[in-house]
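Hi,

Here is the structure I said I would pass on.

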Amino acid sequence: MFARLLRVILYLILFVCAIWGSVLVGGPSVLKFIVTKAYGDSVTLYNLKVSPKLDILVSRIKIDDAQFNGNLINGSITSLEIGLKGLVAINPVVDIAIGPSQLDKVGSIRRAEASLYFLERDLSSDVIVELDLIELTGSNFLKSEHVAIRGVLDFRNGALADTNFKARNVEGITDANFSSPFFQGSLSNWYFLNDEMAVPENIALEIPKLTFFNETVVFKDASIRSKLSDEFYNVEFSSK
């Protein structure tokens, strides 16, 4: 009886080790195949590895004329890391981080970190998202030292809901030359899986201090409310 039990345990350990080894050895090839099938030669992965902890590591992703919502995207993403925690737990967590990256006509970033907390072990449940962006620059618009975003991903409806964000040391890179040491705000539901990526219908901002033209014009305790109507935003601005 004991010998039979021991044999079952050894077979189970051998099976787990075989699966684990197969993922380590064959995982990179499978991932590259999936990316190639989806994007062809437009996306190239460099030094793709799967660690013993089953983390996915990519030193660089090169993007050449990749199609996204009818637009061509070019640029590169460095130091991609995807980690999985709690796979056998009720609430698994996915951690994603990237290093210095840049996309033409979109912007650049020094580092981004995201954590996805699954409330259940399937994509039909809501997912709590925490995103931190370090030294973000939006192409031809603004830059910020740090942006923190918190929201809930609803995969069933393809929406980002209950979203709040905070930004620190924001500067405009337009002719208005605006700046703010801090602001916070919220977004209404953002349906990101539509054929054409929709923008949030409502955006709210609270800004303690907003300056223009090197503090020639200064607004204090400013509040901005905007609502989308017939493809245009109606914007309400108030300040003390």
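Because K143 sits in strand β9 and E171 in strand β10, the pair ties together parts that are 28 residues apart in sequence.

Before I go on, the ground rules. This is a predicted model, so local features need pLDDT of at least 70 and side-chain atom pairs count only at pLDDT 80 or more, while totals for chains, interfaces and linings use all residues. Residues are numbered from 1 along each chain as its sequence is written, and side-chain values use heavy atoms, with hydrogens and water left out.

The protein has 1 helix and 15 strands (DSSP runs numbered from the N terminus: H or I of at least four residues for helices, E of at least two for strands). Of its 240 residues, 30% are buried.

Back to the charges: there are 8 salt bridges in the structure. One of them joins E206 and R225, at 2.6 Å from N to O. That pair links distant parts of the chain, with E206 in β13 and R225 in β14, 19 residues apart. E206 is partly exposed at 32%, and R225 is partly exposed at 36%. Another one is between K62 and D64, at 3.9 Å.

β13 and β14 are also worth a look as a pair. They run antiparallel and are joined by 10 bridges (strands pair if DSSP finds at least two bridges between them). F212 stands opposite V217, and the hairpin has 4 residues between the strands, with F213 in the turn at a positive phi of about 50°. β14 then runs antiparallel to β15 (residues 232-238), with 7 bridges.

What is in the middle? The largest nonpolar core has 26 residues, and I61, F183 and I207 touch the most other members (a nonpolar core is a set of buried Ala, Val, Leu, Ile, Met, Phe, Trp, Tyr and Cys residues joined through side-chain atoms within 4.5 Å). Strands giving at least two residues each include β1, β3, β13 and β14, and β3 gives the most, with 4. Apart from this core lies another one of 8 residues, among them L116, F118, V129 and L153.

Beyond its neighbours within four places in sequence, I207 is in contact with S180, F182, F183, K220, D221, A222 and I224 (contact means heavy atoms within 4.5 Å).

Y117, L119 and I128 make a nonpolar surface patch of about 240 Å² (patch residues have over 30% relative accessible area and no salt bridge; nonpolar side chains, meaning Val, Leu, Ile, Met, Phe, Trp and Tyr, are joined within 5 Å, and like charges within 9 Å; areas are Shrake-Rupley with a 1.4 Å probe, and for residues only the protein chains shown count as cover). Y117 is in strand β7.

Cheers

Notes
Buried means under 20% relative accessible area, exposed over 50%, partly exposed in between (1.4 Å probe, protein chains only). A salt bridge is a side-chain nitrogen of Lys or Arg within 4 Å of a carboxyl oxygen of Asp or Glu.
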